[in-house]
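Welcome! Take a look at the sequence and structure, then read on.

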Amino acid sequence: MLNPTLSFLTAIQPFGNVDPFLKGVDLITGVMGLNVLPIVDIAKLRSLPVGSFGRAWADFLDRNRLSPLTTGARRKQLHDGVHVLTGYGTDAIGEAEVQAFLLGSKFMLLHIVLLAALMRRIGREVSLSGQGEKAIEARLKAAYDRGCESSFDADTWRPELLWEVSLAEVQQLFLI
């Protein structure tokens, strides 16, 4: 059997191909007994009214040509919802902003590990992005501060109870 820690470290190293990383996460969370049944039903979310949080989630996935995360731990499956709440993109910088926001909202070593891996990738892409290091640092600090000021807790939020609530109201609920 694969060593879950080794799989995780191997998967996160390049951070370019997301599938091996996500499979590594599922393996680790499976060993820990954290995997849950699928939470996000894309068909249901697409049927919700425009402006609702659930519909905004579906639109985000469609706009970015993503499929919902439907395997593994609850936290993993709800990752795209954090993008929807915060408005951060799906590029390396946007993903780093999500991790900085989550780190600010609740300290977890995992966010530092993911942020470090993303920073490595961002460092290679800085010249391509047209943004300087100072601008990226400012964005990450702003995301971290935003997380500190929010009442968001990724471990306790239940977005499935908020699908039909407007995105603006959900953001206001968590002070985002």
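## Salt bridges and a buried glutamate

This predicted model holds nine salt bridges. The points below walk through some of them, including the pair Arg55 and Asp59, and then turn to Glu97 in helix α7.

**A pair in helix α4**
- Arg55 and Asp59 form a salt bridge, and their closest N and O atoms lie 3.2 Å apart.
- Both residues belong to helix α4, which covers residues 53-63. Because they are four residues apart there, about one helical turn separates Arg55 from Asp59.
- Arg55 has a relative accessible area of 21%, so this residue counts as partly exposed.

**A pair in helix α9**
- Lys141 and Asp145 also meet through their side chains, in a salt bridge of 2.8 Å from N to O.
- Why are Lys141 and Asp145 separated by about one helical turn? The reason is that they sit four residues apart in helix α9.
- Asp145 has a relative accessibility of 26%, and therefore counts as partly exposed.

**A link between two loops**
- Lys106 forms a salt bridge with Asp153, with 3.5 Å between the closest N and O atoms.
- This pair links distant parts of the chain, as Lys106 and Asp153 are 47 residues apart.
- Lys106 lies in the loop between α7 (92-105) and α8 (109-129), while Asp153 lies in the loop between α9 (133-149) and α10 (167-173).
- Is Lys106 buried, exposed or partly exposed? At 30% relative accessibility, Lys106 is partly exposed.

- Glu97 is found in helix α7.
- With a relative accessibility of 6%, Glu97 counts as buried, because the cut-off for that label is under 20%.
- Which residue's side chain does Glu97 join through a polar contact of 3.0 Å? The partner is Arg139.
- Leaving aside residues up to four places away in sequence, Glu97 touches Tyr88, Arg139, Leu140 and Ala143.

Terms used:
Residues are numbered from 1 along each chain as its sequence is written. This is a predicted model: local features need pLDDT of at least 70, side-chain atom pairs count only at pLDDT 80 or more; totals for chains, interfaces and linings use all residues. Side-chain values use heavy atoms; hydrogens and water are left out. A salt bridge is a side-chain nitrogen of Lys or Arg within 4 Å of a carboxyl oxygen of Asp or Glu. Buried means under 20% relative accessible area, exposed over 50%, partly exposed in between (1.4 Å probe, protein chains only). A polar contact is a pair of N or O atoms within 3.5 Å; within protein, one must be able to donate a hydrogen and the other to accept it, and residues adjacent in sequence count only if both atoms are side-chain atoms. Contact means heavy atoms within 4.5 Å.
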